[in-house]
Protein chains: 2
Amino acid sequence: MTNVSRRGMLGFAGGGAALGAAGFAGGWGASHAAADEKPSPGERTYDFFGEHQAGIVTPAQDRLYFATFDVTATTRDELESLLRAWSLAAERMMRGETASDEATAYDAPPADTGEAEDLPPSGLTITFGFGPTLFRDEKGKDRFGLADKQPKELRELPHFPADKLDPRRSGGDIAVQACADDPQVAVHAIRNLSRIAFGLAAIRWAQLGFGRTSSTSTSQATPRNLFGFKDGTANIKAESRDVVDDHVWVGRGDDPKADWMTGGSYLVARRITMHLETWDRSSLREQEAIIGRDRPEGAPLSGGKEFDEPKFDVKGRGGEPLIAKNSHVFLAHPKNNGGAQMLRRGYNFTDGNDALGRLDAGLFFLAYVRRPSRQYIPMQMRMSREDALMEYLKHTGSGLFAVPPGVPKGGFVGQQLFTS
Amino acid sequence: MTNVSRRGMLGFAGGGAALGAAGFAGGWGASHAAADEKPSPGERTYDFFGEHQAGIVTPAQDRLYFATFDVTATTRDELESLLRAWSLAAERMMRGETASDEATAYDAPPADTGEAEDLPPSGLTITFGFGPTLFRDEKGKDRFGLADKQPKELRELPHFPADKLDPRRSGGDIAVQACADDPQVAVHAIRNLSRIAFGLAAIRWAQLGFGRTSSTSTSQATPRNLFGFKDGTANIKAESRDVVDDHVWVGRGDDPKADWMTGGSYLVARRITMHLETWDRSSLREQEAIIGRDRPEGAPLSGGKEFDEPKFDVKGRGGEPLIAKNSHVFLAHPKNNGGAQMLRRGYNFTDGNDALGRLDAGLFFLAYVRRPSRQYIPMQMRMSREDALMEYLKHTGSGLFAVPPGVPKGGFVGQQLFTS
């Protein structure tokens with residue numbers, strides 16, 4: 001798309017507003033294009049409408065703002081109207097426009113908060129997911145008459161050994177993942193959705209992610225996590241359509257009672273605090289042994305290059321396998337997980353430091369899977385028991401969300417749940 | 001510079017390391033350049049050495065990681081050795097290299113934490129400043145025999161009305177501002193400096209900034225803060241050399257007892273929480289009246305365009321000035337502050353949300369001035385009493401730092417303090 005200035009969309013009448021106009025509705029202001037603005041990167045846009053929601057197989061953008069909301073609406077109609085309003089706004093913002101097409105009256109609050117007005121679309125995607133608590137509250141009560149459609153895969157995740165979950169960073173009725181190449185665009189999106197939700201839903205927790213830790217496309221280089229290692233080498237790539245169909249998208253018949261999820265996916269979100277100071281004091285040898293790959297190239301310790309398959313039967317001096325059985329690569333590999341794969345979409349984060357001066361930082365793990373019960377839970381259960389890396393990790397936040405399929409043109413996110 | 005891969009610098013011997021080499025020092029590995037990596041923006045570098053420290057008049061980069069450190073070293077020699085080690089690392093990282101030129105032994109911790117290995121220099125600048133507590137501790141004790149050189153301008157800032165400072169986000173013996181166009185590069189810099197400081201200094205607090213809120217060069221468009229308004233229109237620009245000399249750099253003779261500060265500056269850091277939800281519910285009319293500029297263009301309410309001078313004597317209907325006397329523009333304007341100007345270099349931030357679902361977000365204010373006692377303190381004292389904007393702001397963190405002049409080739413930051 002061309003670089004449409006968001007401010008034109010807002011209906012501002014320009015500088016004249018300053019001279020006392022009492023209320024107005026402006027046009028699409030080509031005249032408002034600022035001459036001094038350099039063309040910037042980030043003109044890429046993704047469609048809100050489609051078979052699947054954007055932000056899943058979309059090539060992972062550089063930045064994340066993730067939030068979960070507690071729904072305070074009490075009726076199904078209110079919930080549906082929230083999702084309709086959110087869909088309208090999300091579709092607009094993904095096109096690089098303001099959150100609302102309403103003209104701003106001078107004596108009313110602006111319809112958009114404005115901090116992204118001069119910024120390009122920046123590849124923004126907004127992805128919605130429903131938590132188990134949207135269907136049934138803590139006491140098991142059917143909140144919106146949707147309980148009989150709760151997917152069987154959408155249960156609270158079990159407690160994993162070494163979990164130290166902070167309830168203020170866990171759960172939520174609805175999750176919203178905003179990814180963009182400019183963090184201000186992602187923050188703007190969540191903020192405006194939060195504003196639209198006023199009286200119907202409120203942010204429960206939020207997480208800023210500053211660097212992507214996975215590639216979701218073969219066109220992307222593998223990024224590094226805060227342990228300094230390439231992360232997600234073996235990630236599912238969007239170009240592998242058969243793999244995506246098998247491992248990411250919910251298939252028709254997967255869950256007859258929740259057929260509305262066909263074409264959707266499940267999002268596992270885990271805030272993983274990394275003990276960087278401890279890691280940084282361990283030797284390169286130990287680090288590589290724990291990961292099962294070398295640090296410079298990300299090549300498996302059994303030899304070859306980054307994208308060569310690890311060979312778990314290759315032994316070194318002393319007869320020990322070059323890739324240890326408690327290494328991350330060994331335990332995460334599909335071969336050792338009944339063929340299970342995930343589409344990972346995580347981000348590095350840092351949230352300041354603790355009282356001892358240690359960085360509060362780590363990896364905000366996001367993974368999309370067709371069946372959490374087979375693709376995430378068993379692997380995480382095993383890893384949290386056996387993975388040598390766990391010594392350096394602490395899971396501090398958690399959520400599981402049913403991500404409905406894409407939105408038909410003109411529709412709203414989750415409509416299949418309401419109409420099926 | 002060309003895209004030198006940081007990994008070459010680390011002295012890795014490549015994939016061979018995986019096959020059991022017990023220790024090695026590799027060369028500068030052109031062979032390690034990954035063929036699948038696209039050329040990325042961010043090749044820009046700035047010099048660590050020079051008359052002034054980089055990161056002040058440098059065109060403001062997009063992202064910030066800021067940290068202050070408590071020095072635990074107890075002797076002047078230790079403090080000096082910390083600054084020497086930091087300078088070596090900062091100079092390297094600003095060139096896009098790893099933090100250390102030491103070859104990594106396989107049985108030792110890597111000399112660099114690695115998460116920036118495949119990333120370009122990204123315009124990184126690292127800027128150091130000294131807090132009042134570096135000279136005298138809380139009881140007034142001369143910590144390092146430097147107390148007689150403490151600049152008279154380097155005092156704890158006074159308490160301003162409406163301050164709600166969090167001691168865990170205030171003060172610090174040494175401040176380090178890392179700015180870059182990639183947040184991972186900025187975080188990597190602070191993390192590696194923190195690591196180098198082990199046993200001599202520890203992070204006291206840190207702040208991630210995601211979007212710059214000021215331009216420091218006429219080549220940059222004015223960005224918007226989280227109130228949706230352009231911020232820093234009247235900021236000092238690097239191109240105005242006379243203004244920079246008058247208002248930013250400490251001049252010879254400014255403070256005879258602290259002549260080591262000649263060519264340096266003072267950094268005021270303020271974490272300003274913005275009550276976004278309240279702001280978002282106020283009318284456009286009210287918002288513009290509070291700021292004194294219109295939102296679409298950032299033009300003064302007295303008319304004209306963004307960069308036109310505000311005319312405080314222009315009156316509207318009813319005889320009231322178009323720019324109110326309690327507006328931000330009025331109170332911040334040099335005309336109304338005895339000609340005082342600042343070089344602002346702030347960033348937007350968000351640190352999640354509070355228990356009520358409100359975003360914990362705002363502006364991390366950074367300003368460089370020649371004389372805080374004239375250029376910041378009186379203005380902030382007046383603003384915090386009179387500025388209509390204060391209703392929407394809360395100052396939650398604070399620090400004042402003496403930023404020493406630039407580093408002569410081969411020297412270390414702050415050396416003028418030690419040798420003068």
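1. Conventions. Residues count from 1 along each chain as its sequence is written, chains are lettered from A and ligands numbered from 1 in written order, and side-chain values rest on heavy atoms, without hydrogens and water. In this predicted model, local features need pLDDT of at least 70 and side-chain atom pairs count only at pLDDT 80 or more, while totals for chains, interfaces and linings use all residues.

2. Interface. Of the interface residues of chain B, 100% are also interface residues in chain A, so the copies meet through the same surface.

3. Annotated span. UniProt, in an unreviewed entry, lists residues 53–210 of chain A as "domain: Dyp-type peroxidase N-terminal"; positions follow the numbering used here, feature names are shortened, and annotations may be inferred rather than shown by experiment. The span is 21% helix and 20% strand, and its end C-alpha atoms lie 22 Å apart. Helices (H or I, at least four residues) and strands (E, at least two) are DSSP runs, numbered from the N terminus.

4. Core. The largest nonpolar core has 178 residues, of which Trp86(A), Ile126(A), Trp86(B) and Ile126(B) touch the most other members. Such a core is a set of buried Ala, Val, Leu, Ile, Met, Phe, Trp, Tyr and Cys residues joined through side-chain atoms within 4.5 Å. Beyond its neighbours within four places in sequence, Trp86(B) is in contact (heavy atoms within 4.5 Å) with residues including Phe69(B), Phe128(B) and Leu193(B).

5. Arg270(B). This residue sits in strand 6 (residues 265–274) of chain B. Arg270(B) is buried, at a relative accessible area of 0% (buried is under 20%, exposed over 50%, partly exposed in between; 1.4 Å probe, protein chains only). Its side chain makes polar contacts with the side chains of Asp163(B), at 2.7 Å, and His395(B), at 3.0 Å. A polar contact is a pair of N or O atoms within 3.5 Å; within protein, one must be able to donate a hydrogen and the other to accept it, and residues adjacent in sequence count only if both atoms are side-chain atoms.

6. Helix 6 of chain B. In this helix (residues 284–291), Leu284(B), Gln287(B), Glu288(B), Ile290(B) and Ile291(B) are buried. Seen down the helix axis, the buried residues fall within an arc of 160°, so they line one face; the arc is that of the directions from the helix axis to the C-beta atoms. These residues pack against helix 5 (276–280) and helix 7 (328–332) of chain B. Just after the helix, Gly292(B) takes a positive phi of about 90°.
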